[in-house]
Structures are given as C-alpha cells and as structure tokens.
Amino acid sequence: MPRPHYVAAIDQGTTSSRCIVFDQAGNIISVVQREHRQIFPKPGWVEHDADEIWQAVQGVLAEATNGLDVAALGITNQRETTVLWDRATGRPVCPAVVWQDTRTAPLTHALAEHEGLFKEKAGLPLATYFSGPKIRWLLDEHPGLRERAERGEVLFGTMDSWLLWNLTGRHVTDVTNASRTMLMNIHTLAWDDELLAALGVPRAMLPEIRPSAEVYGHTAQGVAVASALGDQQAALFGQTCFAPGETKSTYGSGSFLLMNTGHEPVVSKHGLLTTVGYQIGDTPATYALEGAIAVTGSLVQWLRDNLGLISSAAEIETLAKTVDDNGGCYFVPAFSGLFAPHWRSDARGVIAGLTGFVNKGHIARAVLEATAWQTREVVDAMNADSGLDLTTLRADGGMTANNLLMQTLADVLAVPVIRPMVSETTALGAAYAAGLATGYWPDIESLRANWHKAAEWRPRIDETVREREHRSWKKAVARTLDWVEQ
C-alpha cells in the first residue's frame, strides 16, 4: 500500500475556521475557510457559539479533504477562549467566552493577593486574557453550574478540547493550551491544586493534559487526529524555531513574538509571559517567552477607516515611501493601554513630535515604525530575560507583505528579518506536529529541510541613527502613560 499523500490542519481562529491541506514538502494543496459570528452582548463582552464553530469546522474539513488521501489531522486554535459543555449531551451549556472578553476584570482585581502564586507556578500575570478567571465567572454566574461541574457533568475546554471531544470523543487538551489557563503548573505540566483552589475551579471538569503531538484518536472517517497547539505556538513550530534563541513574530491585527528558550521555563522579569512552546510525544517540553503587542496591523486599518488617509491597507507602503523619514513624528498606538513589556492599562495613544513640516507621508511612515519599535521593546525584554541574543527574526502574518515594514524591522532590530515561502505558518505548524506523530515526517530535521526563505532584509542604517530614533521613541512612549485617571 502506498502511504497517504497529505496532512490536514484545522486552524480554528477568532473570526473564522479554516482547513488547509499540505503535502510532504509543506506546500498548500487546498484551503477552505468559513467565518463565524462575533457576539457582543455588553461593552467589553465577546462571545462565540461553540456549536456554530463545530459546524463550520466540519464543513471546512469535509470540503478541503474531499477526495484526498489524508494521513493525519492537526488542530491549532484561538487560545484562552473558554467553552463549557454537558458531558452527556455534548452540547454547550452557555456561550463561549472569547479571549478578548474583559468581564472578569473585577474578579482578577479581587485575586490580587495570589499574583505571586500565578506568576511563579503558571508563568502568567493575573489578567482577564486567560481561561481560569473565565471558568470561575461562568460557574459563579450560572445557578447550579458549579455543582454540576464538581460532579464532572459539565466539562471545560479551550477550543482545541472542544474540537477534540467532537472529533474523537476524548476530553483532552495539549500542554500549550493548558499553559494559558492559569491552572497548570508550568514546571510539572499538571493541573495544580493550589492554582485550582485560588481560582475556585473544580478538577472534575478539566481535560487530561497531553503532549502537543500524539495520536489522540480518530475521526469517524478513520483519520488520526494527532496534534493540538495554540495558534502562536503552532506558528513557532511552523517556522521551525526548534533551537533555543530562535524567534518568530506573527504580524496581524496585533503581533505576537515567541522565543524558544529550551527545556527550562524562563520566568520573565521584563513583562513577558512564560509559556509552553510545544511537546512532541514523550520528549521533554520546550518552553518559550511570549510578548504580545496589542496594536500593529489594526493601526493601519485605523488610518484607513477612522482617518481616511488611505483607501486600502496596501496603500500605506506607497504613502510612506513619498518621504525619506518620519519627519520627527512618532506614533505610539496605546489605544487600549500598552501590552508587553509595559502592561500599562492607563496609557493611551499619542502622536508626538509634530511640526508644520509633517505631512501624511510622515504619519504613514510613523505608523509602520510603530510596529518596528514595539517589536524592538519586546525583543530587548526577551534578550534580557533569556540571556540569548536574537540573531534573526522569522516573520509571518499579513503585514509581512509590506516590504518597507520588513526593512524598517531589520533597521530597528539590527538583525536580518526573514519571510518564509509558506506564510500560513500557524496551520503548517499543526500539520507538522500531526505528521511527526504519525511518521509522515520522520523527524524535526526533515521539517527544517522544508523551510525555505522567500525574502530577507538586512539592517541598512548606522548605529547612531538607530539609537537616536530609539531615544525619541522612548520619549513618545513616556508621554502615553498616566493618561487614564482611575
């Protein structure tokens, strides 16, 4: 029997679900995508219908793999989004609470006494972002739900668990998704009684924690479901960042940098998150440092939609190229505070250094430079935390089509910036992990061999210019602080 030709990945994202099929060389064979509703019941609340997402996933999976011989299926997912469902019926008992949702802010403030515990054991700060407080809120607000959860009648899962339950009938999650709940001890890779007690979450409702790459079960069609990775960890894997110090940055509406730190978790002293990067079968887990930037691509959309300076996102590069530099203008897009490495919710956006000379070309350039300087802040924090120096940055995501931005990144970071041939690195990472678990690919070296660079940008500006611009950027950041008075 010839062996199957393809590996499929479900990429279950915040706004849509996709299925992408890859061949042995990592080339895309087919892609099908379906959007789902964003539900906003109150200001700051964001919900999804988990049933609707499962229907969408079934549809894209059937369509993308139709007539193809598929060896394995991997899953990558929006992280932290919280689903509770009935063990007996398999139906959600309430809407899914999405990672962006901020309804748990009063709860996280009330848990402030445990901040050190979460940092030490979970590697995470106390924030509305993570799943643990969302579970607690749902159990507190829905009468009778806590009692049912304590009896194991109501189950919790992040989106990977919800899909694995529906695909294989098993209640499992992987270490990368578990590391975003505030409930898993990052050192033991197990649910932690002290963390569970602090958050008031019953152990009986939690999935079993498994490696990111192993056969969890089979679909009704007999395909092995063999990987699960949170989306940013999947991108790290898809970019083949398998050695300590190797770093990827995904540029979308916001941006996420992850640095492989090897087999020991590095607890950040500079405002980053400690997270599990991946775990292949029974091998030791690989850890990562993560820096999240709230506003990068969405700043370009803001320039288009709110100011009307451009009519399409692609125009920003053309407009920015009408000038040679930023004209002394700096744009810090702290629209909802500053994320890593500052974590300042009181900050708000500023445009600094304006003179009568500045025109819309300078503002466009300052918008692109904002993504580069925010990346520099996270990279400096990573270098300081890890003791490793970034040597190259592997970039993926929609913004990497902007060549001027890529050059600006190289100039600001003083390292080469590389864009790979396959930009769908998130889905590719899930496919790679599933293929490793089933022997479709023999080892991680064969995955490295698949990685090909499409383009590379090297630093062009000299150190004195870089440092002068960096000082000006830091002055602009300082002016965003203490804006919101609590």
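Reader: What do the buried residues of helix 10 pack against?

Author: This is a predicted model: local features need pLDDT of at least 70, side-chain atom pairs count only at pLDDT 80 or more, and totals for chains, interfaces and linings use all residues. Residues are numbered from 1 along each chain as its sequence is written, and side-chain values use heavy atoms, with hydrogens and water left out. Helices (H or I, at least four residues) and strands (E, at least two) are DSSP runs, numbered from the N terminus. Contact means heavy atoms within 4.5 Å. The buried residues of helix 10 pack against helix 11 (315-320), strand 19 (330-332) and helix 12 (360-386).

Reader: Which residues of helix 10 are buried?

Author: Buried means under 20% relative accessible area, exposed over 50%, partly exposed in between (1.4 Å probe, protein chains only). In helix 10 (residues 297-305), G297, L299, V300 and L303 are buried. They cover an arc of only 160° around the axis, which puts them on the same side of helix 10. The arc is that of the directions from the helix axis to the C-beta atoms.

Reader: Why do residues three or four places apart point the same way?

Author: An α-helix has 3.6 residues a turn, so they do.

Reader: What span should helix 1 have?

Author: The expected span is 1.5 Å times one less than the number of residues. For the 16 residues of helix 1 (residues 50-65) that gives 22 Å, and the end C-alpha atoms are 22 Å apart, which agrees. Just after helix 1, G67 takes a positive phi of about 80°.
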